[in-house]
Number of protein chains: 2
Amino acid sequence: MKIAILFGGSSYEHEISIVSAITMKKVLKNATLVYIFVSSDRKFYLIDTQKINSKLFSSGEYKKSKELTLKNGGFQVDGMFGSKRIDFDVALNLIHGRDGEDGKIASLMEFYTIPFISPRIEASALSYNKLYTKFLAESVGVKTVAYEYLSKNDERKIAMPYPIIIKPVRLGSSIGVSIVKDASELDYALDVAFEFDTDVIIEPFIEGVKEFNQAGTYTNDWELSIVEEPHKEEFLDFEKKYMDFSRDSQVLAADISDALKAKIQESFKKIYDPLFRGSIIRCDFFVVEGKVLLNEINPIPGSMANYLFEDFEGLVERLSKHLPKEQNIAVDYQYIHSIQSAKGKA
Amino acid sequence: MKIAILFGGSSYEHEISIVSAITMKKVLKNATLVYIFVSSDRKFYLIDTQKINSKLFSSGEYKKSKELTLKNGGFQVDGMFGSKRIDFDVALNLIHGRDGEDGKIASLMEFYTIPFISPRIEASALSYNKLYTKFLAESVGVKTVAYEYLSKNDERKIAMPYPIIIKPVRLGSSIGVSIVKDASELDYALDVAFEFDTDVIIEPFIEGVKEFNQAGTYTNDWELSIVEEPHKEEFLDFEKKYMDFSRDSQVLAADISDALKAKIQESFKKIYDPLFRGSIIRCDFFVVEGKVLLNEINPIPGSMANYLFEDFEGLVERLSKHLPKEQNIAVDYQYIHSIQSAKGKA
């Protein structure tokens, strides 16, 4: 099977997308990988799978690679003597943050009729925005953490008690996120968050809250990962974050009761189906007083959360055979024909 | 000023988009128009502004026009001796329904860095879906009509009393919409709606409800249209619909109190700002017992609702100078450099 890995993008997470993409070489061992890099100025480059490494990008050497153009049905290389289509069975969207998670890549793939693994446009637009994620969760009966919402030009008034956590509404990977312990720290934290986004979401910071991650997809049936209890630290430094996006070996399942596991999995399924069909996502849950609350949806998790699955490569193959299809719309110009014949009669 | 008109698309409203586009010739008189047609198989064609008429498309003759390719910064014509960029100041998205209203065109324009008039991705994804429109309205404090929601595989049980109106959740222009007077008509109406979409929304059908349309945009200040009370008929036949999408002369303002007008305008502004910045939209409101309820958002209204504005052409020009800009994200590879130097030390 030939899998195109789309990575990079005009995103604050451009670099960790490169790390995620390189990790795929270790976990998709039987597939042939076709690496398609989206530069920060949004050009497409075909990267040699044998030569891929992070320096190729940081040095700018990638610019010597072949540039690709999107055309209906796929990517192509344009040459002196015509164009050549790049051959693959499915594209795997590994662009974290903007472009990959906000619906742009999903739009491009759908518009140009390329089979792809990724949340579709609606799922992207809803999960890229932490406010809309709340709406979505509420609409399918999954509880979330209490919140307030502030736009850049709003009065900086918070009703909930400190400590609070401030998050830019549209970013992942803890970028621009601050924990605010009292009112004296509020302005600075908001300044930081508004550097990255026009809107922020404010939630209570729950000290020592139990956190559990559940990844999964739907192929011809549910394929859910183990439930992981991630190591908690207030903030990850760059090396730990790097570790997180380059993880390639399985971790141990969290030691939780069957009842809690069932609750987490039920919440995951409610969020996922049918909106996220075609994608592999990770949902991060809090458990507070026995209640399961959705914290975040990771629509394109670091290294696709491969380390949570027993047979990640098999799952990707199965999913690529069960992708949602756009409805076929036939345009027959009946309406215009009718107008013309009506005009003809007049 | 040079305005590119994007029209057509893979949409049930492909044909009325052609009608809307041709109407622009009559209302954008001072501008130079560059017509870019999206065929139903999603190829781009440059259409001669002098020759444009509906038959060009229904006959298939458009295929003789020059095909365009999207590249970062614009559309281009590829030729034997290199490529030529198509020159314009702003693109006006006039694709009704899928592709235009679901976020695909907004994604393409943003990805390829082309200035454009249209709802952005989030605004598109939310307003293309009638359920998400409800979420949006509720979140900004605008009331909507009561509703129920059904997916294709759900049990066909409705709690609200008849008569009801059934709408596919993602389509405009009354496609697939039925009024159901009693339970015996329910199955057939649902079958029709599910022909077009996987989900439907069900609302009470309110006999003789007062309906008012408000269009508008935000340039350097609010620019709101007159409030129109549209002519009501259960369904428009094709000639009336054609009239609706080809309207080019101003209509009279509805005869309503200043207080009601203010309520409608306030509701419009709550919905519009800031989500719809960069677009010209029309909101259709119901007034029930003095309360203003949002019925629908028309993110790309027929012929851009030009007939509701006193100075439509001036508005388009002003808007093109006040388009929202994507945040500039600099990628400096600091993170990868740090990993490399950390590795070097190890």
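How many residue pairs are in polar contact between domain 1 of chain A and domain 2 of chain A? In this predicted model, the count is 6 residue pairs, both partners at pLDDT 80 or more. Salt bridges contribute nothing here: the rule finds 0 across the interface of the two domains.

The domain assignment divides chain A into three parts. Domain 1 covers 2-117. Domain 2 is written in two segments, 125-143 and 208-320. Domain 3 spans 146-204. The centres of domain 1 and domain 2 of chain A, taken over C-alpha atoms, are separated by 24 Å. Contact between them involves 25 residues of domain 1 and 22 residues of domain 2. Together the two domains of chain A bury about 1,900 Å². Carbon and sulfur atoms account for 71% of that area. On the domain 1 side, Val27(A), Glu101(A) and Ile117(A) supply 30% of the area buried against domain 2, more than any other three residues.

Three elements of chain A give two or more residues to the side of domain 1 that touches domain 2. They are helix H1 (14-27), strand E7 (90-93) and strand E8 (116-117). H1(A) gives the most, with 7 residues. By class, this side of domain 1 of chain A holds 13 nonpolar, 7 polar and 5 charged residues.

The interface of chain A and chain B was examined next. Here, 70 residues of chain A are in contact with 70 residues of chain B. The buried area is about 6,000 Å², and 60% of it comes from carbon and sulfur atoms. Glu15(A), Phe111(A) and Tyr335(A) supply 13% of the area that chain A buries against chain B, more than any other three residues.

Between chain A and chain B the count is 12 salt bridges. One of the salt bridges between the chains joins Arg42(A) to Glu326(B), with the closest N and O atoms 2.8 Å apart. Helix H10 (residues 334-345) of chain A provides the largest share of the side that touches chain B, 9 residues. That side of chain A divides into 31 nonpolar, 19 polar and 20 charged residues.

Strand pairing was then traced in both chains. Chain A contains an open sheet of 5 strands, in the order E9-E17-E16-E14-E15, with mixed pairing. Strand E9 (143-144) and strand E15 (222-228) of chain A stand at the edges. Each has a single partner strand, so one side of each is left without a neighbour in the sheet. The partner of E15(A) is strand E14 (residues 210-218) of chain A; 5 bridges join the two, and they run antiparallel. Within this pair, Asn213(A) stands opposite Glu228(A) in E15(A).

In chain B, strand E2 (residues 32-38) and strand E3 (residues 44-47) run antiparallel and are joined by 4 bridges. E2(B) and E3(B) form a hairpin with 5 residues between them. Arg42(B), in the turn, has a positive phi of about 60°. Ile36(B) has Leu46(B) in E3(B) as its bridge partner. E3(B) is also joined to strand E4 (residues 66-71) of chain B, by 3 bridges, and these strands run antiparallel. Across that pairing, Leu46(B) stands opposite Lys66(B) in E4(B).

How values were computed
Residues numbered from 1 in each chain as written. Chains lettered and ligands numbered in written order. Predicted model: local features only at pLDDT ≥ 70, side-chain atom pairs only at ≥ 80, totals over all residues. Heavy atoms only, no water. Domains from an automatic or database assignment. Contact = heavy atoms within 4.5 Å. Buried area = accessible area lost by both parts, 1.4 Å probe. Salt bridge = Lys/Arg side-chain N within 4 Å of Asp/Glu carboxyl O. Polar contact = N/O pair within 3.5 Å; in protein donor to acceptor, adjacent residues only side chain to side chain. Nonpolar A, V, L, I, M, F, W, Y, C, P; charged D, E, K, R; others polar. Pairing = 2+ DSSP bridges.
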